[in-house]
Amino acid sequence: MPKFVLLWTDAAIWLLVVALAVYVWQVLRKPALAASWRKVFADGPALASAVILVLCLSITLLDSLHYRAALPQAAGSQAGAVAYDTRTRSVLDALLRPLVESRETTYSRPLAYQGFTKESLEVDGRILRVAPRLLHGGAHLTQPDTEWAGDVARRSAAGLALGLLAAALVAALTVMAVARAHRVAWREAALRVWHHETPIPWRVALITVLGVCLVGGVVAALAGRYHVFGTDVTGNDVLYQTLKSIRTAFVIGSLATLATLPLAVVLGIMAGYFKGWVDEAIQYVYTVLSSVPNILLIAACVLMVQVFLDKHPELFETGLERADLKLFLLCAVLGLTGWAGLCRLLRAETLKLRELEYVQAAKAFGVGHGRIMRRHVFPNVAHLMLIVTVLEFSALILYEAVLSYVGVGVDPSMNSFGGMINFARNEMSRDPVVWWPFAAAFTFMVTVVLAANLFADGVRDAFDPRSRAFRPRLSTRKPA
Amino acid sequence: MLNYLVRRTLYGILILIGVNLATFFLFFTVNTPDDMARLNIGGKRVTQELIEKWKSERGYDKPLYWNAPKAGSEKLTETIFWERSVSLFTLQFGRADSESAGDIGDEVTRRMWISIQLALPIFILQIIASVSFALLLVMFRHTRLDLVGVVLCVVMLSISALFYIIVGQYLFARVLKLVPISGYSGGLDVVRFLVLPVALSALARLGTEARLYRAMFLEEIGKDYVRTARAKGLSETVVMFRHVLRNAMIPIITSAGGYLPYVFMGSLVFESFFGIPGLGAYVIEAIGKQDFAIVRTMVFVGSLLYIASYILIDIAYTWVDPRVRLA
């Protein structure tokens with residue numbers, strides 16, 4: 001029986017999932033909110049991005065269930081005493097076990113069967129400089145020079161077929177759901193989806209699913225026998241690293257944004273509502289905060305966190321727990337240093353709201369300040385909170401890379417896009433160039449950030465009608 | 001105007017006092033000077049004597065906030081807090097924590113000019129590039145060009161600046177060999193070293209800024225005075241450049257001005273990637289060496305520049321828009 005380990009960020013992530021579920025329940029109950037969210041999903045790019053984000057979120061969740069495997073009973077040990085592995089693994093690690101275990105000695109190109117660097121080997125009694133066969137990548141080939149292309153093509157085709165099948169399954173389920181919701185025959189529903197006639201553009205979602213399934217199918221089919229994105233300097237599979245990096249990006253993006261909310265919301269609403277000296281004091285605090293260049297402030301805080309961790313080794317048992325605590329504290333630091341912008345925005349909005357009739361009426365009825373702020377002001381600024389939260393998400397993922405480069409980001413032992421880019425910097429100046437870790441990090445990071453950005457734009461357009469005017473749209477009318 | 005500037009400056013000083021308090025608390029109370037000494041001396045054999053020596057060399061051997069044994073006002077002045085604060089406000093930054101590094105003030109003044117050489121062209125090029133791109137999109141609004149342009153912006157702003165740097169260095173310095181990969185030299189030769197970071201930095205922020213400016217222009221275009229201008233029979237070009245551009249300058253200055261502190265601070269990432277020994281590279285080195293004195297000083301210098309640049313922005317408003325009166 002493995003021992004479950006609840007890391008700090010795991011706990012936060014799962015709490016977040018619970019909060020998200022509560023929010024979804026709220027949305028379903030409130031027609032106005034539900035209408036706004038329908039508008040978000042009616043936007044094609046936003047819906048497609050949502051599909052990608054859900055996929056990344058599920059990878060994150062799989063990677064947020066940690067455990068330490070029980071070691072087999074040693075001969076001399078007491079019965080009943082179970083020793084646990086010193087390494088903490090996640091469910092994702094267990095699923096990707098072949099990738100973790102197929103470790104090479106050093107760099108290898110994507111899908112390679114030979115090593116990247118030549119070594120001196122003895123062939124037929126002579127010492128030759130040859131690229132050695134990899135330990136795992138393409139190890140099943142007996143005649144690699146002739147079999148390799150055929151094998152890769154065959155596996156890819158199988159992967160494509162599998163992906164197609166999975167996509168077809170999803171499409172069938174979607175059509176069935178649409179048929180039920182609209183109370184039409186499934187043929188009619190399929191036609192509506194196909195012709196883009198549903199209120200929510202399911203066709204876009206299904207095309208995205210198809211794309212994801214095809215790519216995922218090919219990668220999955222090849223990953224068992226090859227290193228799809230090659231291996232890094234220590235021979236670790238790059239695909240595995242990029243998948244692990246998704247969690248780091250998501251944790252930073254979501255937790256750090258959420259960490260800004262309490263301070264920003266409470267102080268922002270209070271400043272705008274009470275005005276006077278409260279306002280002055282709060283304005284002073286956030287002006288002080290925002291007048292320090294952000295990256296410097298974060299660097300200063302993270303340095304302090306580092307010293308704190310060095311002083312308190314009793315807080316963590318394993319290396320992973322230390323890295324995780326550092327990540328958690330980094331999110332807290334990002335939250336504590338990043339609330340000024342939202343606070344300013346909420347203050348301005350509350351200043352406007354407090355003069356409105358319904359707030360005045362509540363005051364006249366003798367409703368307390370706290371209640372007015374909670375019941376009347378907060379719900380009316382909540383959309384700003386939501387918009388800023390989703391916009392910040394992608395900004396923070398990008399920021400993580402910069403912070404890791406500067407040396408104040410996540411722990412170097414933790415997989416992250418920033419760490420990968422950091423390594424890539426030296427790899428790109430090697431000769432011949434080692435481009436694949438960079439390319440993998442680039443592809444995944446751009447996909448995640450682009451999806452997050454498009455989704456954020458959808459949310460903003462749906463919740464802030466003013467921004468919709470700036471959407472590029474084609475019109476038949478020529479500009480004057 | 002003068003009245004306003006004096007008031008702003010006084011408030012700025014108040015803010016700086018706050019920054020100073022916050023950084024002091026962060027650097028000295030969260031971790032005591034003893035911790036810093038231990039970290040800096042490093043190694044296993046850290047004796048109390050070594051720590052005391054390290055502290056007295058750097059003037060950290062006093063109480064933090066309150067020196068009880070002393071008499072009168074010395075209770076307050078004979079403390080680390082007082083001495084550090086006074087020295088910061090008089091711009092005497094003292095020596096760095098680590099052994100090899102010298103006086104921080106000298107380094108800052110020397111490196112500041114290098115940073116400006118990099119950052120000022122970046123700042124100007126960035127505004128020109130983003131504003132022209134945004135104007136182009138707005139001129140062709142409701143056409144395919146606008147759509148493609150906005151999509152391009154979104155894609156570009158989803159790419160980390162680090163990718164631009166790495167690909168740019170690889171392409172222009174390694175493959176095409178147009179410029180050196182990194183480094184810095186004095187004299188006119190410096191252009192060869194700076195051209196790539198300047199271009200890449202402008203490119204990296206093009207997506208974000210052009211999209212923002214495009215929205216600002218579109219907001220202006222919807223206003224009545226634009227319709228009036230068109231009704232007068234002015235050509236679209238004149239409307240755009242003489243009316244819309246001038247009015248959109250205010251929000252543009254606000255947003256571009258937010259970037260101004262980095263003009264002096266130097267872009268941390270660009271400086272260290274391209275081996276340009278400016279202020280940004282200094283900070284990164286200090287972080288690597290865990291030299292708290294430098295980081296602390298740079299936080300102070302950074303906020304000083306930030307406050308100064310915001311006062312500059314306010315002055316710029318009056319220059320761009322005569323309607324704005326600072327009072």
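Author: Welcome! A nonpolar core here is a set of buried Ala, Val, Leu, Ile, Met, Phe, Trp, Tyr and Cys residues joined through C-beta atoms within 7 Å. Keep in mind that this is a predicted model.

Reader: Thanks! Which residues have the most contacts inside the largest nonpolar core?

Author: They are A:Ala299 and B:Val295, in a core of 209 residues. Helix 9 (residues 238-274) of chain A gives the most to this core, 20 residues.

Reader: What does A:Ala299 touch, leaving aside residues up to four places away in sequence?

Author: A:Ala299 touches A:Val406 and A:Val408, and also B:Ile287 and B:Val295.

Reader: Why is A:Gly216 called partly exposed?

Author: Buried needs 20 or more other C-beta atoms within 10 Å, and exposed needs 12 or fewer. A:Gly216 has 17 such neighbours, so it counts as partly exposed. This glycine lies in helix 8 (residues 202-223) of chain A.

Reader: How do you know that chain B is in contact with chain A?

Author: Two residues are in contact if their C-beta atoms lie within 7 Å. By that test, 49 residues of chain B are in contact with 46 residues of chain A. On the chain B side, helix 15 (residues 292-320) supplies the largest share, eight residues.

Reader: What makes up that side of chain B by class?

Author: The side of chain B that touches chain A has 32 nonpolar, 11 polar and six charged residues.

Reader: And how many helices and strands does chain B have?

Author: Chain B has 15 helices and zero strands. Of its 327 residues, 38% count as buried.

Notes
Residues are numbered from 1 along each chain as its sequence is written. Chains are lettered from A and ligands numbered from 1 in the order in which they are written. This is a predicted model: local features need pLDDT of at least 70, side-chain atom pairs count only at pLDDT 80 or more; totals for chains, interfaces and linings use all residues. Helices (H or I, at least four residues) and strands (E, at least two) are DSSP runs, numbered from the N terminus. Ala, Val, Leu, Ile, Met, Phe, Trp, Tyr, Cys and Pro count as nonpolar, Asp, Glu, Lys and Arg as charged, and the others, Gly among them, as polar.
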